[in-house]
Every structure is written in C-alpha cells, then in structure tokens.
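Hi,

Here is the structure I promised to pass on to you. Have a look at it first, and then read my notes below.

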Amino acid sequence: MALLLGFLLLLGLCEDTMSEEPSSSQYHPGGLEFQLPPTSYQTSDSYDPGPAGLFFHIVRLFVQIVQPNAFPEDILRKIIQKKFDLSKEYDKIIYYEIGIIICAALGLLFVTLMPLVGFFFCLCRCCNKCGGEMHQRQKRSGPFLKKCYSVSLLVICVFISIGIIYGFAANQYMRTRVEETRKLSDSNFNDLRTLLNVVPGQIDYILDQFTHPKEKAFEDLDNINSLVGDSIYERLKPKVLPVLKDIKDLAKDMKTNRDTLVQVNSVLTDMKHSSAYLRTSLRDVKTSMEQTLTDPQCSLPAVAPTCNSIKKSLSVLDGSANFDHLPSLDGHITQLDGLLQTDLSSLVQKANESLSNIPEEVQNQTRDFITEFKKTLNSIQSDVKNISTKIPIQKTLSSFVRYINNSEDYILHYLPTMEECDSYRWLVCLVVVCLLTLILTFYLLGLLCGTLGYDQNATPTRRGCVSNTGGLLLMVGVGFSFFFSWIVMTIVVLTFVAGGNMETLVCEPYRNKKLFQVLDTPYLLNEDWKYYLSGLVLNKPDVNLTFEQVYSDCKENKGLYAALKLDHIYNVSEQLNITKHTGDINSTLENMNIRIEDIELLDKTGMKTLMDLRSSGIDDIDYAAYLNATERSPTRVNLISFANDTRRKANQLPSGRLKTSLKSHVDTLINIHQNQVVPLQNSMSTMNKQMKRLHYRTSGLKVRVSTTIFFLNSTQDFLTSQLSEIVVEESKQFGSKIISYFEWYLQWVEMTITQQFAACKPAATAVDSAVNVFLCSYIVDPLNLFWFGMGKATMLLLPAVIFAVKLAKYFRRMYSEDVYEDDPVNKVQSKPRVQTVPRVQTVPMKNMRHANSRSRAEQGIQTI
C-alpha cells in the first residue's frame with residue numbers, strides 16, 4: 001500500500017503538466033525511440049523439476065484417479081465465511097474425500113490385520129500347520145511349481161525395489177530442495193528489493209527522456225531552412241519550374257532560329273550568285289562548243305555523224321538551278337534581333353533564384369524566433385526534471401523495504417527450525433526405506449542362496465546347507481514383513497492423506513487458478529465489499545479487480561497501474577495530453593511569422609517579347625518553296641557523264657584541231673562541275689537540312705507560345721493567391737512536427753506508466769515460489785512420490801510373503817519325505833523323481849523318528 005500511495009502521488013504531481021483532452025496525434029517521429037531499460041531478476045519465472053517431473057506427473061494422475069471429484073469451491077467458500085456446519089454437512093466432505101477415505105481405510109485395515117495375521121500365522125506354524133510341518137510331499141508338478149514361485153517372487157521383488165527407489169529418491173529430493181529454500185527465499189526478496197530500488201531510477205529515466213524530443217526539436221530548428229524553406233520550394237517546383245523551363249526553351253529556340261535564319265540567308269545569297277555564275281559558264285561552254293562544231297572537218301562524211309551527235313547533245317547543257325524566286329529572310333532576322341534584345345533566359349534565371357532563395361529567406365526571418373523557442377524548451381525541461389524532487393518516493397519505498405526486511409527476518413528465523421524438522425523427517429523416511437530394503441534383501445538373498453544351492457538330485461531330507469540357508473532367509477524375510485510392514489503402512493497412510501489433500505486442495509487449484517476464483521467470489525472475504533481486492537486497494541469495492549487478474553497481469557510483467565486498475569483512481573489517459581503539456585510551445589510556435597514576397601516569373605517586357613514572338617510569323621515562312629528549290633539538281637544533266645560521253649565521241653574523230661578543241665571543252669566541263677556544281681550542291685544540301693530543322697522548330701510556334709503564356713499567367717496567379725497559404729501550411733506542419741516529438745514522448749510516458757512502470761512480475765514470482773515451487777514442488781510432489789513408492793512396495797509384500805512361504809519348502813531341509821513301497825530306501829533317496837509311482841507311503845526315517853522323540857517346543861522352533 002505504501003508503494004501504491006507513492007505511485008499515486010507521482011501521478012498527482014505530474015498533473016501540473018497534463019491536459020484534459022487526450023492526444024490524437026498518430027505521428028511517429030523517425031529516429032525518436034523510447035524504451036524503459038529492462039530489469040534483470042535472479043528468480044526464474046518457471047520451475048523445472050528435471051527428470052523427476054515425469055514421476056511427479058504419474059503420481060498426480062494416480063491422485064486424480066483416486067480423487068476424481070471437482071474442487072469443492074462451495075465448501076471452501078462456506079469455510080472461509082464460517083458458515084460451514086460439519087455436523088450437518090459432513091456428508092459433502094465424505095463425498096469429496098471418498099476416494100482418499102477408501103484408500104486410507106484399506107491402509108488402516110492393512111495396519112490392523114498384518115500384525116494380527118502374522119501372530120496367528122506364527123502360532124499355526126508352531127502347531128505344524130500352515131506349512132510348518134517339516135515334510136514335503138513329492139509331486140510330479142513340484143519342479144514346475146518351484147520355478148513358478150521363484151520367478152513370481154523375483155518379479156515381485158523387482159517391483160518392490162522400484163517402489164523403494166521411488167521412496168529413497170523422493171526422500172532425498174525433498175531434503176535437497178528444502179536445503180535450497182534459503183536460496184529461493186533470498187532470491188525472491190532480492191528481486192522485490194530490486195523492484196523497489198529500480199522505481200526511482202525509472203522515474204528519473206522517464207523524466208530524463210524529455211531531452212531526446214528537445215534535442216530533436218533543436219535539430220529541426222537549426223535546419224528550418226531545409227525543413228520549411230525546402231518544403232515550400234518543393235511544393236512550388238512542380239507548378240513553377242515547368243513554365244520557366246518552357247520560357248527558357250523558347251528563348252533558346254529563338255536564338256537558335258535566328259542563327260539558323262542568318263546562316264540560311266547567307267547560304268541563299270551565295271546560292272543565287274553561284275547559280276547565276278553556273279548558268280553563264282555553261283552557256284559560254286555551249287556557245288564555244290557550237291562554234292567548234294562549225295569546223296569544216298565536220299562536213300566530212302566520216303566525221304559528220306559524230307559532230308551531229310555532239311551538237312544535238314548540247315541542248316541539255318544548261319543550268320537548271322535558279323533561286324531568284326526565293327525571298328530573302330532579312331526581315332525575319334531583323335524581327336528576331338529585336339526580340340532577342342530582351343534576355344528571357346536572364347529573366348528565367350532571376351525567377352529561379354527567387355525560388356532557390358526561399359530556404360535562406362526562411363532562415364533569416366526565423367532567427368530570433370528560434371532563439372526564443374529554444375529558451376522556452378530549456379525552461380520546460382527544467383520544470384520536468386524538478387518533478388522528481390517533489391516526490392517523496394524514498395520515504396514511501398523505505399516503509400515498504402522495512403516490510404520486506406521484517407518478512408525476510410521472520411522467514412530466516414524459522415527456516416533453521418524447518419530444516420531441523422526436515423532432517424528428522426528425512427531420518428524417519430530413511431529408516432522406513434531401510435526397513436523395506438532389509439526385507440527385500442532377505443528375499444533376494446533367500447532366492448539367491450536357494451537357487452544356487454538347490455540340487456535337484458538331493459532328497460528333501462538331504463538338501464545342502466546353502467539351499468537350507470536360502471529357505472531360512474526367505475522365512476526371516478516373511479517374519480520381518482509381518483513385523484515391520486504395518487509400521488511402513490502407517491507412515492504411508494499418514495503421508496498419503498496429507499499429500500493427496502494438499503495436491504487436490506492447494507496445488508492443483510493453484511495451477512488452474514480455481515483457488516483465485518474462490519478468493520474472487522463477491523462478498524466472500526468482506527460482507528460489505530463485492531470485490532475484496534478493489535475495496536482494499538482502490539477503496540471502490542464495486543470495481544472488478546480480482547486476485548486472478550492481478551496475478552495474471554503481474555505474471556505477464558505488466559505495471560502496477562494496469563494490474564491494479566489504478567485508472568479508477570487516476571486516469572492517466574485523460575490527463576496525459578499535449579495541449580496542456582505544450583501550451584508554451586504552441587503559443588511560441590504561433591509567433592513564427594514567415595513572409596515571402598510575391599515571386600514574379602516574368603516581367604512586362606518579357607511578356608511582350610513572348611507575345612511578339614507569337615506574332616513574328618517565323619512559322620509562316622514558305623518552307624516548301626525553299627525545300628523544293630534545294631532538292632533539285634543544279635544542272636539538267638550530270639556534267640561528268642556528259643563530259644565523258646563527249647570525250648568518247650571526240651576520241652572517234654581523227655586527230656586535228658577539232659578533236660583537240662572538243663577535248664579542251666570536256667576539261668572545261670569537268671572543271672565547272674568540280675568548282676561550281678559540287679559547291680552549289682553542298683550549299684543546297686546544307687540549306688535543305690537547316691530549313692527542315694527550322695521548320696520543325698517553328699512548327700506550331702503560335703500554339704506553343706500561346707500555351708506557354710497561358711500557363712505562365714496561371715502559375716503567376718497561383719503564386720499570387722496561394723504562396724502565402726503554402727507558407728502558412730508549411731509553417732504549421734513544421735510546428736506540428738515539433739509538437740509531435742513531445743506528443744510521442746508523452747504517449748510513451750503514458751504507455752510506460754500504465755503498462756511497464758513498476759512491473760510487478762517479482763510479486764507474482766514470489767507467490768509462485770511460495771506456493772507452486774516451495775509447497776508443491778519441494779514438499780507435496782516428493783511427499784506424494786514417497787508414499788506412492790512405499791505404498792506400492794508395502795502392498796507387494798503380501799504376495800511376496802505367500803510365494804516366499806511356498807518357495808521355502810523347496811529350499812529348506814525336511815525331517816521326513818515320501819517312500820515308495822516297491823523301492824528300497826536308498827533308491828528312493830538317490831532317485832526321487834520316478835516316472836511311474838505305483839503307490840506312495842509315508843515312512844518315517846531315522847531322523848524322523850529322532851525328530852518325533854523331540855519335545856514339541858523344539859520342533860516348533862525348528863518349524864518357524
């Protein structure tokens with residue numbers, strides 16, 4: 001109770017920093033983990049009896065068979081309430097104990113009859129009755145009966161020895177475990193002290209963990225530029241960067257297009273000059289060749305066909321490339337030069353820098369706020385640490401420690417007495433075991449001597465000394481059985497009644513918790529309290545707080561708060577709340593004002609440039625005309641082919657001036673092709689490729705620019721209307737993240753106090769050690785195994801006595817024997833086993849006559 005009051009006082013003092021509404025945050029901050037340090041205890045929470053557990057289990061099954069009735073909960077409740085009238089309700093106890101009563105009655109009957117039967121058996125044998133006559137009838141089944149009696153007695157001795165081993169092992173086991181009781185007691189009390197000693201440390205540890213959320217908050221405050229500024233930038237980036245990229249791409253394409261137009265315009269000018277010069281050169285060559293073909297030699301019949309052929313082919317010698325119809329691109333170049341006066345790339349870079357500077361601007365604006373906020377957190381930490389100084393926990397725990405010390409002193413005071421009593425018990429049980437061992441020894445020695453010394457050829461009157469000794473040892477074992485067995489059975493009955501009832505009334509109901517259920521019966525221990533434990537602990541007897549529930553919770557190592565349902569006195573869940581704990585934090589975070597000026601993506605000049613670009617008409621250039629003009633051949637015929645053909649024809653002419661002139665013209669054509677046609681073709685190819693690229697880049701330029709302007713205006717409107725809201729949202733999210741650290745800390749505090757703080761497992765272990773381990777495992781289990789083994793061995797003495805008496809006839813030396821009428825005495829003595837026995841007559845031998853002359857007293861002594 002003192003520990004409980006101290007715990008409640010701790011919660012009461014913590015109320016100054018608790019709110020009225022439960023926290024609803026489910027945020028789990030990364031990198032912020034709390035865990036109450038585990039406490040190690042000496043006492044094991046489970047007990048393993050080792051190999052003996054199997055035998056204990058067998059005995060429990062036997063007890064359950066003997067006592068199959070259910071646990072008498074109603075009788076026990078009436079006894080606790082002092083409402084049980086033994087004179088009127090004794091039949092209920094008899095009905096419950098009927099199995100034990102019957103077994104005990106049988107044992108008492110054994111105790112009563114065994115010495116009585118032994119006494120009359122002794123008198124009977126003294127009168128030469130009950131097998132006391134020293135004469136053995138020879139029967140055909142004699143050897144078989146001897147073997148059966150020997151084997152039966154041997155088997156019974158084996159079972160008796162098992163029972164003796166059970167008794168000896170149980171006796172030694174109990175002594176060993178009782179000697180370990182001091183160690184078990186010390187470990188349990190040490191565990192209880194450890195529990196009490198760890199409570200102040202757990203309080204300090206829980207309060208010290210405030211440092212972790214505070215340090216995490218400090219880290220976030222130092223990185224507010226990345227946590228808030230980068231978050232704002234990341235939210236704006238998907239909206240703003242694509243538009244800026246489009247503008248930047250337009251500016252880049254505009255410059256590229258202007259350079260392409262300049263190159264194309266330059267190439268076009270060169271092509272116009274080259275094509276005109278090519279036409280002039282071809283025309284001059286054609287004219288010169290026509291004059292050469294007017295040579296008189298062409299009128300000769302042999303030459304005329306060749307000259308006519310060359311003259312006809314001159315019609316294709318003409319320049320087909322004419323680019324005069326293609327307009328100049330100077331106007332478009334001038335227009336783009338005017339648009340390029342506005343550097344759109346610089347404007348885009350400026351907008352990008354405005355976005356990138358948001359984290360730095362956030363850092364600058366919150367510098368003073370961070371300083372004040374850190375001071376607030378340091379102040380809160382100081383208040384939290386001061387809570388432990390206000391709790392008189394040491395005074396509360398010291399009273400509980402005194403109670404533990406007094407309990408330990410009490411146990412240690414009586415422990416030597418218990419050990420001394422156990423030593424007497426051990427000695428008595430050892431004597432009992434030794435008595436049975438002595439009887440078993442006589443039986444085994446009798447079997448051994450009788451079997452080894454038995455001579456099947458010897459007559460009953462001439463048996464050897466060893467065989468006779470074996471028979472005497474068997475009879476001594478019989479005598480000791482009658483003399484000591486009732487003493488052993490008395491011990492067995494007493495231990496059986498005590499151990500069996502302890503098993504069924506204490507140990508078994510404790511293991512299945514029915515004992516707790518009886519104690520949890522409403523109005524049982526106090527007529528005014530429905531639940532005794534809740535009335536004792538909580539002063540609220542209507543709260544369903546049971547011994548079984550508290551034991552189970554402590555067994556699971558739950559805290560006292562959960563085990564004792566202290567929420568009915570002080571509801572931590574209602575008090576632990578972030579609003580009151582972090583009131584100063586919230587108010588400080590509300591003063592965090594971050595203002596970011598409106599970001600202008602593109603000024604008016606840049607916007608006008610985009611609009612002018614849309615109406616520049618670059619995409620309206622007649623690209624088809626330029627492409628068609630550049631895809632034609634500069635000449636109507638391939639000059640190289642034409643020159644080679646002309647050379648071949650000229651080679652057919654006879655040598656002379658005509659042939660030489662034509663070859664000279666051929667060389668001129670080849671020179672024109674190499675110096676004019678090839679460069680012109682390259683220029684046309686270059687222009688064709690550039691015009692295709694330019695056409696690809698300017699295709700749909702109006703739509704592209706219009707789309708860019710639309711998204712630019714839309715994004716600018718978004719920044720104007722939503723930027724401040726985004727800043728506020730990110731600021732609140734940052735504040736919520738800071739708060740979440742302390743929420744998580746307080747949730748952990750709540751969970752720790754309600755489930756882990758002052759975990760009461762040592763208390764449940766102490767109860768288990770007292771009842772389940774010490775009483776049941778150390779005392780009851782070996783006690784039950786002892787009477788089980790001794791009882792079995794003692795009961796087996798009955799058939800052992802019968803077989804020993806029967807078997808002794810075949811081992812002992814007789815005073816008379818059977819004689820056959822048709823055989824001499826010597827033959828009878830040498831061959832006692834006859835296949836055909838015509839007629840047998842009992843004839844007294846010399847020794848028999850000598851025996852008959854003895855006194856009856858001497859004969860009685862020999863018979864026994």
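**The largest pocket**

The lining of the largest pocket has 36 nonpolar residues and five polar ones, with no charged residues. Please keep in mind that this is a predicted model. The volume of this pocket is about 1,500 Å³. In total, 41 residues line the pocket, and those closest to its centre are Leu192, Ala763, Ala764, Ala766 and Val767.

**A look at Asn69**

Next, please go to Asn69, which sits in the loop between helix H2 (52-66) and helix H3 (73-80). Is Asn69 buried, partly exposed or exposed? Its relative accessible area is 22%, so Asn69 counts as partly exposed, since buried would require a value under 20%.

Beyond its neighbours within four places in sequence, Asn69 is in contact with Tyr95, Tyr96 and Ile98. Tyr96 is 27 residues away from Asn69 along the chain, yet their C-alpha atoms are separated by 6.0 Å. A polar atom of the Asn69 side chain also lies 3.1 Å from the backbone oxygen of Tyr96.

Enjoy exploring!

Best wishes

Key: Residues numbered from 1 in each chain as written. Predicted model: local features only at pLDDT ≥ 70, side-chain atom pairs only at ≥ 80, totals over all residues. Heavy atoms only, no water. 1 Å grid on protein atoms, 1.4 Å probe; cavity = no way out; pocket = protein on both sides within 12 Å on 5 of 7 lines; lining within 4 Å. Points joined across faces, edges and corners; volume = space filled by probe spheres on them. Nonpolar A, V, L, I, M, F, W, Y, C, P; charged D, E, K, R; others polar. Helix = DSSP H or I, 4+ residues; strand = E, 2+ residues; numbered from the N terminus. Buried < 20%, exposed > 50% of the residue type's maximum accessible area, 1.4 Å probe, protein only. Contact = heavy atoms within 4.5 Å. Polar contact = N/O pair within 3.5 Å; in protein donor to acceptor, adjacent residues only side chain to side chain.
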